[in-house]
Each structure stands twice: as C-alpha cells, then as structure tokens.
Amino acid sequence: MIVVISQAWTKPGEEHAQAYIALNGEFGRFFAEHPGFRGRRLVRGIEDPTHFTHLRWFDSVESYESCTRAEGYVAHTEAMYEHLRPYDSYPREYAEVVLDEAGQHDPGRHDPDGLPA
C-alpha cells in the first residue's frame, strides 16, 4: 500500500479555506469507485490554518496515477487552485506504508471485554 501526500496553502481568509475544504470533499468522487483506492484524509494545520495536507491511500502508484487521468479530474483541481496561494510546482510525494496500527480512539477498536474502547 502507498500513500500520496500533498501539501497546499490557501489564500488568506477563512472563506478560501472553507471553499477548499468543500471542493476537496467533492473531489472524493474521483477516488470513491476507483480500483485500488483505500481511503483519504484532509488534515488542516492548527498553528497555520492555511496549511492543508491531503493523504490518499492506494494499492499502488499506478492505481493513483490512473485515477488522476479520469475525465474532469484536472478541471476539478484547477477549481481548488483558485483558493490556493500560487506555487511553482505541485508538491506531491509518494510514500510506502511500512507500519499501520490503530490508535485507542479508533471507533472499530474494542477492549478485551468486547466493549468499544
């Protein structure tokens, strides 16, 4: 399993952050039914609330790249870019998942007695 990590910084103003979050939510349609897609998270900085990290899990790099070729994918990213600070390149990194464990607040986790943790 791999994770695709990308960074984005919105333009100043909460309206840009909220628009980016909403558009990112809609962006999920490109991933939801795609073979090899495992899940995703959008994380917002606390110290810098204009900073977002998007994590997308796939079976392989090829599966992710196939998803990015879906009709409408590029147009949707361009709509999100309207709310981002300009940058020279798309800051994206592929990483391999080498450890994956649930935390104690994982809703699916149960204690030894079978009760939710």
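**View 1. The second largest pocket of this predicted model**. About 150 Å³ of space lies in this pocket. The lining is made up of 18 residues, and those closest to the pocket centre are Ser6, Thr77, Met80, Tyr81 and Tyr90.

**View 2. Elements around the second largest pocket**. Strand S1 (2–9), helix H1 (14–27), strand S3 (51–58) and helix H4 (73–81) each give two or more residues to the lining. H4 supplies the largest share, four residues. By class, the lining holds ten nonpolar, six polar and two charged residues.

**View 3. The largest pocket**. Its space is about 240 Å³. Met1, Arg38, Gly39, Arg41, Trp57, Val97, Leu99 and Asp100 line this pocket. Three of the lining residues come from strand S2 (residues 37–44), the largest share. Four lining residues are nonpolar, one is polar and three are charged.

**View 4. Helix H1 and its length**. H1 has 14 residues. At 1.5 Å a residue, H1 should span 20 Å, and its end C-alpha atoms are 20 Å apart, which agrees.

**View 5. The two sides of H1**. Buried in H1 are His16, Ala17, Ala19, Tyr20, Leu23, Asn24 and Phe27. Seen down the axis of H1, the buried residues fall within an arc of 165°, so they line one face of the helix. An α-helix has 3.6 residues a turn, so residues three or four places apart point the same way. Glu15 and Gly25, on the other side of H1, are exposed.

**View 6. What covers the buried residues of H1**. The cover includes S1, helix H2 (29–32), S2, S3 and H4.

Methods:
Residues are numbered from 1 along each chain as its sequence is written. This is a predicted model: local features need pLDDT of at least 70, side-chain atom pairs count only at pLDDT 80 or more; totals for chains, interfaces and linings use all residues. Side-chain values use heavy atoms; hydrogens and water are left out. On a 1 Å grid over the protein atoms alone, a cavity is a set of points where a 1.4 Å probe fits but cannot get out, and a pocket is an open set with protein on both sides within 12 Å along at least five of seven lines; lining residues have an atom within 4 Å of a point. Grid points are joined across faces, edges and corners, and a volume is the space filled by probe spheres set on the points. Ala, Val, Leu, Ile, Met, Phe, Trp, Tyr, Cys and Pro count as nonpolar, Asp, Glu, Lys and Arg as charged, and the others, Gly among them, as polar. The expected span of a helix is 1.5 Å times one less than its number of residues. Buried means under 20% relative accessible area, exposed over 50%, partly exposed in between (1.4 Å probe, protein chains only). The arc is that of the directions from the helix axis to the C-beta atoms. Contact means heavy atoms within 4.5 Å.
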